[in-house]
Amino acid sequence: MTRTYLVTGAASGIGRATADLLRAQGHAVIGADVKDGDISADLATAEGRTELVARARELTGGRLDAVVSCAGIAHFDPLTIKVNHFGAVATLEGLRPLLAAGTDPRALVVGSIDVVHPTDPAIVDAALAGDEEAAVAASQAAVDRGEGHLVYASSKAAVSRWIRRAAVTADWAKAGIPLNAVGPGVVVTPMTQTLLDDPAMLELVERSVPMPLHGHARPEQIAPLIAWLTSPDNTHVTGQVVFADGGADAVLRGDRTW
Ligand SMILES: NC(=O)c1ccc[n+]([C@@H]2O[C@H](COP(=O)([O-])OP(=O)(O)OC[C@H]3O[C@@H](n4cnc5c(N)ncnc54)[C@H](O)[C@@H]3O)[C@@H](O)[C@H]2O)c1
């Protein structure tokens, strides 16, 4: 059955591979990105978030079957919390009414293996309180004290925790909408290419995200998991971060999960 998907971050990397796969499966995909998407919207801004939802309504007549929130950045900068947490939550919350009108609706965010790394509770707590100004200030404080690397992990931890909390509420579970994240390890995309091309950075990446199974992934290897989690076949997986990390979580956390 043909479904209608909206994918953010569809112009590149994992988002593009996901949109390509879904189209190849015969589905209709609305791609959103900062520019050159079916919807062009900057999800770091309130205007862009409003534009995304308004255009999605126009293009779909108010019905969507699935949303994949993939847009993200990995800068040592407060912009990262704005896009990765607040942009993603606005995408999911803003499009939820369209999903509620869809068939077998599903929603997903692209999280990260980085949620198992250290985070900054001040950033995560402010994000989960929905206080963008405070989350940006806490991110800037982390940058100023030389811990800008915490902003990305914190943004992914916040959005993953948000999913876990929201997935079991009436808005999502009672409405029959599974809500999950995938947590990729290292995926070779424009986001990571420069890092992977630098031997010193590559060594650091391999130490912080060891991937004994198959090594670094290509975006096409993450897309099928996203497609399954957002398909009607997924009836009972919700509130999860499903790692697609070549074993990194099992190496890094071992028995410390449950
Ligand atoms: N590449 C990796 O190793 C990796 C690992 C774990 C998680 N992720 C996550 O996967 C997602 C996709 O990353 P990727 O590796 O494909 O990167 P990418 O840079 O190839 O693609 C990201 C896309 O998001 C879009 N985007 C960025 N800021 C935006 C904004 N303000 N508004 C709208 N769109 C915006 C970009 O234009 C781009 O098309 C991100 O959320 C990233 O954090 C990536």
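At what angle do helix α2 and helix α3 pack, and how far apart are their axes? In this predicted model, helix α2 (residues 46–60) and helix α3 (residues 79–100) pack at an angle of about 30°, and their axes are 9 Å apart. The crossing of the two helices is right-handed.

**Contact between α2 and α3**

- On the α2 side, the contact is made by R49, L52, V53, A56, R57 and T60.
- On the α3 side, these residues meet K82, F86, G87, A90, T91, G94, L95, P97 and L98.
- Sorted by class, the contact of α2 with α3 holds 8 nonpolar, 4 polar and 3 charged residues.

- T91 has a relative accessible area of 1%, which is under 20%, so T91 counts as buried.
- Setting aside neighbours within four places in sequence, T91 is in contact with T8, L43, L52, V67 and S69.

**Confidence**

- The protein chain has an average pLDDT of 97, and 100% of the residues score at least 70.
- Confidence is lowest in helix α8 (residues 193–197), where the mean is 95.
- Confidence is highest in strand β4 (residues 66–69), at 99.

Conventions: Residues numbered from 1 in each chain as written. Predicted model: local features only at pLDDT ≥ 70, side-chain atom pairs only at ≥ 80, totals over all residues. Heavy atoms only, no water. Axes fitted to C-alpha atoms, helices over the stretch in contact; angles between N-to-C directions. Helix = DSSP H or I, 4+ residues; strand = E, 2+ residues; numbered from the N terminus. Left-handed = near helix turned anticlockwise from the far one by under 90°. Contact = heavy atoms within 4.5 Å. Nonpolar A, V, L, I, M, F, W, Y, C, P; charged D, E, K, R; others polar. pLDDT = per-residue confidence, 0-100. Buried < 20%, exposed > 50% of the residue type's maximum accessible area, 1.4 Å probe, protein only.
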